[in-house]
Amino acid sequence: MASSHTVLMRLVASAYSIAQKAGTIVRCVIAEGDLGIVQKTSATDLQTKADRLVQMSICSSLARKFPKLTIIGEEDLPPGEVDQELIEDGQWEEILKQPCPSQYSAIKEEDLVVWVDPLDGTKEYTEGLLDNVTVLIGIAYEGKAIAGIINQPYYNYQNNEKEKLREHGNEAQAGPDAVLGRTIWGVLGLGAFGFQLKEAPAGKHIITTTRSHSNKLVTDCISAMNPDTVLRVGGAGNKIIQLIEGKASAYVFASPGCKKWDTCAPEVILHAVGGKLTDIHGNALQYNKEVKHMNSAGVLAALRNYEYYASHVPESVKSALIP
């Protein structure tokens with residue numbers, strides 16, 4: 001019976017199923033071939049049919065089941081009837097078997113804020129770099145990110161120059177036995193699940209950063225950290241997955257541009273396994289419903305050795321980025 005479970009764990013279990021449906025929608029839009037691309041504020045700020053459908057699916061599914069939640073989504077969509085096919089009312093039973101951390105057991109629905117990025121890495125999605133794409137559902141309480149769900153619709157998708165999407169064929173390619181897609185979830189005080197935790201090689205400074213929003217501040221900050229390798233990829237969710245799977249040692253983005261819906265869910269996954277995500281000054285990010293959406297002082301994150309990266313941020317970069 002649902003009533004025997006805490007609000008938080010019921011919400012996480014529902015959000016898991018909703019995120020899985022979102023991943024299916026993302027794949028269907030690609031398969032149908034018409035991405036319905038709209039330019040928002042610039043050529044690198046895009047919205048597709050998948051962004052719109054997934055946000056409608058996530059927000060409507062959550063609001064039906066948890067009507068007192070505050071839900072903040074990236075896309076500014078007109079109100080209207082949502083197709084019943086977009087509604088997901090299931091919940092992931094495995095999550096309901098987990099104990100709720102005691103500090104969250106009495107949380108009420110109206111105390112929670114959910115930050116939704118329906119398609120993190122939209123530009124990469126339009127370019128066929130599908131392994132950069134994630135769906136993000138972050139849950140905050142008293143301004144702090146406490147639970148998160150990341151769906152990777154194209155996990156196991158083998159994406160390289162030879163296997164890019166055909167211009168008109170549009171089907172994703174995976175290995176013969178590969179299951180396409182996965183969902184990662186976590187709750188502070190409980191842990192993070194759905195992936196194999198791995199640390200980046202010791203003594204190596206492998207920095208992951210923006211692929212399409214770079215500038216002098218970003219490059220100056222990275223140079224000051226004496227990187228061995230710099231990875232330029234799309235999506236905040238994707239970058240945090242690189243940290244927890246040992247592909248990168250730090251995520252450095254010394255610029256405004258990233259928003260609360262980009263960082264809420266990934267931050268939880270990283271913090272649940274002992275990592276740290278802050279702004280470029282070392283301040284924790286705030287996720288209460290009144291907060292401004294822009295992470296105007298950038299993002300700095302690492303699974304291990306966070307202090308090394310924080311101590312190498314140049315003063316000139318800090319003074320240019322006001323929280």
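L119 has its place in strand β4. The model described here is predicted. Its pLDDT averages 92 over the protein, and 93% of the residues score at least 70. Residues 159-171 have a pLDDT below 50, and this stretch makes 22 contacts in the model beyond near neighbours in sequence.

**The annotated site**

In an unreviewed entry, the UniProt annotation "binding site" covers E74, D117, L119, D120 and D262. These positions are spread over 189 residues of sequence, yet they cluster in space, with a largest C-alpha distance of 9.6 Å. The lining of the largest pocket includes E74, D117, L119, D120 and D262.

**The six-stranded sheet**

Six strands form an open sheet with mixed pairing, in the order β3-β4-β5-β6-β7-β8. Strands β3 (70-73) and β8 (191-193) stand at the edges with a single partner strand each, so one side of each is left without a neighbour in the sheet. On average, neighbouring strands of this sheet are turned by 15° against each other, direction ignored. At one end of the strand order, β7 (residues 182-187) pairs with β8 in the antiparallel sense over three bridges. W185 stands opposite F193 in β8.

Helix α1 (residues 7-32) touches β4 (112-120), β5 (134-141), β6 (144-152) and β7, and its direction makes about 30° with that of β6. Helix α2 (residues 49-65) touches β3, β4 and β5, with its direction at about 155° to that of β4.

Helix α1 has 26 residues and reaches 37 Å from its first C-alpha to its last, close to the 38 Å expected at 1.5 Å a residue. Just after α1, G33 takes a positive phi of about 90°.

**The five-stranded sheet**

A further open sheet consists of five strands in the order β10-β9-β11-β13-β12, and its pairing is mixed. Its edge strands are β10 (229-233) and β12 (276-278), each pairing on one side only. The twist from one strand to the next averages 20°. Within this sheet, β9 (residues 206-210) and β11 (residues 250-253) pair in the parallel sense over two bridges. The bridge partner of T208 is Y251 in β11.

Helix α5 (residues 216-223) lies across β9, β10 and β11 and runs at about 175° to β9. Helix α6 (residues 236-244) packs on the sheet as well, touching β9, β10, β11, β12 and β13 (299-302), and its direction makes about 150° with that of β11.

| α6 (residues 236-244) | β9, β10, β11, β12, β13 | about 150° with β11 |

Terms used:
Residues numbered from 1 in each chain as written. Predicted model: local features only at pLDDT ≥ 70, side-chain atom pairs only at ≥ 80, totals over all residues. Heavy atoms only, no water. pLDDT = per-residue confidence, 0-100. Contact = heavy atoms within 4.5 Å. Pairing = 2+ DSSP bridges. Helix = DSSP H or I, 4+ residues; strand = E, 2+ residues; numbered from the N terminus. Axes fitted to C-alpha atoms, helices over the stretch in contact; angles between N-to-C directions. Expected span 1.5 Å × (residues − 1). UniProt positions renumbered as here; feature names shortened; annotations may be inferred. 1 Å grid on protein atoms, 1.4 Å probe; cavity = no way out; pocket = protein on both sides within 12 Å on 5 of 7 lines; lining within 4 Å.
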